[in-house]
Amino acid sequence: MKYLIAGLGNIGQEYANTRHNIGFIVADALVLEGKVSFATDRYADVSRIKFKARTLVVIKPSTYMNLSGKAIKYWLEKEKIPLENLLVITDDIALPLGSIRLRAKGGDGGHNGLIHIIETLNTSNFSRLRIGIGDDFAKGYQIDYVLGKWTKNEEVIMIPKINTAVEIIKSYTTIGLSRTMNVYNKQ
């Protein structure tokens, strides 16, 4: 059993530890826990984790957020991973800070990374782990907010949520989507 775990974010030091890069942050935590590391490859930094007789191909696309679909499509095809074994980790301003929701499918919610993935794969039927970054910004300042660094107060809330997200990913790959949603979406 193989899974593609795609953490969304933007490459480059200027985007490190920004709200929009929570997908990268969770992917980093998953790889760190797996005691492996990333290697730069085509369209992404890639790592492989062996977990309970499963292979998790973890990617952080190097295509920038708005072209995330290119990397995801490439790695699904290269690794021969079925679409039902794709999990995309993304930030979500529609969820309160620190909320985590696992979904089987859904719309793009105006998220440019999801828009490109849906267009590239020609479907919205893929699992996503949505991590709430809140919407504490004035009208017209959404871009500044999502590309902004975490405040100290936000970090206090988010650091434990990163560990929860890693547990959700491991659960998703072992007991499946439905059972994992039943356990974690109620928290």
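Arg48 and Glu79 join their side chains in a salt bridge, 2.4 Å from N to O. The pair links distant parts of the chain, with Arg48 in strand S3 (residues 44-51) and Glu79 in helix H2, 31 residues apart. Lys2 joins Arg48 and Glu79 in a network of salt bridges. The model is predicted. The salt-bridge count comes to 8.

**Salt bridges**

- Arg48 has 39% relative accessibility, so Arg48 counts as partly exposed.
- Glu79 is buried, because its relative accessible area is 10%, under the 20% cut-off.
- Arg19 forms a salt bridge with Glu154, and the closest N and O atoms are 3.0 Å apart. Arg19 lies in the loop between strand S1 (2-7) and helix H1 (22-33), and Glu154 lies in helix H5, so this pair ties together parts that are 135 residues apart in sequence.
- Arg19 counts as buried, at 7% relative accessibility. Glu154 counts as buried too, at 9%.
- Asp28 and Lys60 meet through their side chains in a salt bridge of 2.6 Å, N to O. Asp28 sits in helix H1 and Lys60 in strand S4 (residues 54-61), so the pair ties together parts 32 residues apart in sequence.
- Asp28 counts as partly exposed, at 34% relative accessibility. Lys60, at 12%, counts as buried.
- As a general point, side chains of opposite charge can pair when their charged atoms come close.

**Helix H1 against helix H5**

- H1 and H5 pack at an angle of about 65°, with their axes 9 Å apart. The two helices are therefore roughly perpendicular to each other.
- The crossing of H1 and H5 is right-handed.
- On the H1 side, the contact is made by Ile22, Ile25, Val26, Ala29, Leu30 and Glu33. On the H5 side, Met158, Ile162, Ala165, Val166, Glu167, Ile169 and Lys170 take part.
- By class, the contact of H1 with H5 has 10 nonpolar, no polar and 3 charged residues.
- Residues three or four places apart in an α-helix point the same way, because the helix has 3.6 residues a turn.

**Helix H5 against helix H6**

- Helix H5 (residues 152-174) packs with helix H6 (residues 177-184) at an angle of about 150°, and their axes are 8 Å apart. H5 and H6 are therefore roughly antiparallel to each other.
- The crossing of H5 and H6 is right-handed.
- H5 contributes Thr164, Glu167, Ile168, Ser171 and Tyr172 to the contact. H6 contributes Leu177, Thr180 and Tyr184.
- The contact of H5 with H6 divides into 4 nonpolar, 3 polar and 1 charged residues.
- Glu167 of H5 is named in the contact with H1 and in the contact with H6.

**Helix H3 and its surroundings**

- Helix H3 (residues 112-121) has Gly113, Leu114, His116, Ile117, Ile118 and Leu121 as its buried residues.
- These buried residues of H3 pack against helix H2 (68-79), strand S5 (86-92) and strand S7 (127-132).
- Asn122 follows H3, with a positive phi.

- Most residues other than glycine have a negative phi.
- Asn122 has a phi near 60°, a positive value in a residue other than glycine. Asn122 is found in the loop between H3 and S7.
- At 71% relative accessibility, Asn122 counts as exposed, because the cut-off for exposed is over 50%.
- Lys80 has a phi near 55°, a positive value in a residue other than glycine. Lys80 lies in the loop between H2 and S5.
- Lys80 counts as exposed, at 70% relative accessibility.

Terms used:
Residues are numbered from 1 along each chain as its sequence is written. This is a predicted model: local features need pLDDT of at least 70, side-chain atom pairs count only at pLDDT 80 or more; totals for chains, interfaces and linings use all residues. Side-chain values use heavy atoms; hydrogens and water are left out. Axes are lines fitted to C-alpha atoms, for helices over the stretch in contact, and angles run from 0 to 180 degrees between N-to-C directions. Helices (H or I, at least four residues) and strands (E, at least two) are DSSP runs, numbered from the N terminus. Angles under 35 degrees count as roughly parallel, over 145 as roughly antiparallel, 65 to 115 as roughly perpendicular and the rest as oblique. A crossing is left-handed if the near helix is turned anticlockwise from the far one by less than a right angle, and right-handed if clockwise. Contact means heavy atoms within 4.5 Å. Ala, Val, Leu, Ile, Met, Phe, Trp, Tyr, Cys and Pro count as nonpolar, Asp, Glu, Lys and Arg as charged, and the others, Gly among them, as polar. Buried means under 20% relative accessible area, exposed over 50%, partly exposed in between (1.4 Å probe, protein chains only). A salt bridge is a side-chain nitrogen of Lys or Arg within 4 Å of a carboxyl oxygen of Asp or Glu.
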